[in-house]
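Biologist: I would like to learn how to read a structure. Can we go through one together, feature by feature?

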Amino acid sequence: MRITEIYTSIQGETQYAGLPCTLVRTTGCDLRCGYCDSAFAFHGGNDMTLDQIVAEVERLGAPLVLLTGGEPMLQRDLPELAARLLRGGYRVMIETSGAHPLDALPEGVVRIIDVKTPRSGESRRNRFELLRGLRPGDAVKFVVVDEADYRWAAQVIREHELGGRAEVLLSPAHGQLDPRELVGWMLRDRLPARLNLQLHKYIWDADTRRV
């Protein structure tokens with residue numbers, strides 16, 4: 001597998017925010033979202049075997065593991081890596097754009113689908129049929145740049161009845177939308193969603209790597 005970095009920090013967002021977590025960041029992505037904060041993972045990286053990746057996760061020791069990128073579902077061996085980590089007793093999550101099928105993932109993996117809003121520039125790549133497979137422990141995330149993005153996300157949440165089926169996360173695009181504005185819209189509309197701030201960008205400098 002092509003890997004950009006493996007490190008331990010707190011989980012910066014999602015329903016597991018604040019928990020110690022090992023992040024396995026794969027290399028390569030076939031989307032170019034306007035608000036992307038991990039473009040460094042588009043290229044480069046190092047080839048690692050599954051044994052090497054699992055050994056590094058074991059060395060770091062956190063019981064929670066996030067498979068992220070880039071786009072992890074572009075890695076052919078990603079499902080097998082997830083299965084090995086699950087067998088090792090880890091709680092395993094994947095953060096994916098939702099532009100690729102997830103059928104190959106083991107049942108125990110927590111799926112976090114990052115639905116692309118219009119301001120991402122990649123909303124045409126959304127595969128809304130994947131939302132039908134969300135389970136109560138899974139999550140769907142929307143990165144919101146402005147109120148038009150928010151209204152679009154609210155419509156998707158309601159049309160697909162996401163509020164009762166999975167965690168719904170709304171993230172203000174860091175540095176582009178004041179979280180207070182997003183909170184105001186959520187309260188005004190009584191939207192069944194959770195505010196999803198990127199904690200690591202408030203604890204450390206927003207551009208700091210490996211945190």
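Biologist: Where is the place of Gly70?

Modeller: Gly70 sits in the loop between strand E4 (64-68) and helix H2 (78-87). Keep in mind that this is a predicted model.

Biologist: What is the peptide bond from Gly69 to Gly70 like, cis or trans?

Modeller: Start with the general idea. Most peptide bonds are trans, and most residues other than glycine have a negative phi. Now the case here. The bond from Gly69 to Gly70 is cis, with omega near 15°.

Biologist: Is Thr14 buried or exposed?

Modeller: Compare the relative accessible area with the cut-off: under 20% is buried, over 50% is exposed. Thr14 has 3% relative accessibility, so Thr14 counts as buried.

Biologist: And what about Arg190, buried or exposed?

Modeller: Use the cut-off again. Arg190 has a relative accessible area of 76%, so Arg190 is exposed. Arg190 lies in the loop between helix H4 (179-189) and strand E9 (194-195). Arg190 is not a glycine either, and its phi is positive, about 50°.

Biologist: Now the start of the chain. Where is Met1 found?

Modeller: Met1 is in the segment before strand E1 (2-10). Met1 has a relative accessible area of 14%, so Met1 is buried.

Biologist: Which residues does Met1 touch, leaving out those up to four places away in sequence?

Modeller: Among them are Thr26, Asn46, Met48, Ile53, Gln75 and Leu81. Take Gln75. Met1 and Gln75 are 74 residues apart in sequence, but their C-alpha atoms are 6.4 Å apart in space.

Biologist: Let us turn to nonpolar cores. How many residues has the largest one?

Modeller: The largest nonpolar core has 43 residues. Those with the most contacts inside this core are Leu67, Leu81, Leu85, Phe142, Leu162 and Leu170. Helix H3 (residues 147-159) gives the largest share of the core, five residues.

Biologist: Which residues does Leu162 touch, again without those up to four places away in sequence?

Modeller: Leu162 touches Leu131, Leu134, Val140, Phe142, Val156, Ile157 and Val168.

How values were computed: Residues numbered from 1 in each chain as written. Predicted model: local features only at pLDDT ≥ 70, side-chain atom pairs only at ≥ 80, totals over all residues. Heavy atoms only, no water. Helix = DSSP H or I, 4+ residues; strand = E, 2+ residues; numbered from the N terminus. Buried < 20%, exposed > 50% of the residue type's maximum accessible area, 1.4 Å probe, protein only. Contact = heavy atoms within 4.5 Å. Core = buried A, V, L, I, M, F, W, Y, C linked by side-chain atoms within 4.5 Å.
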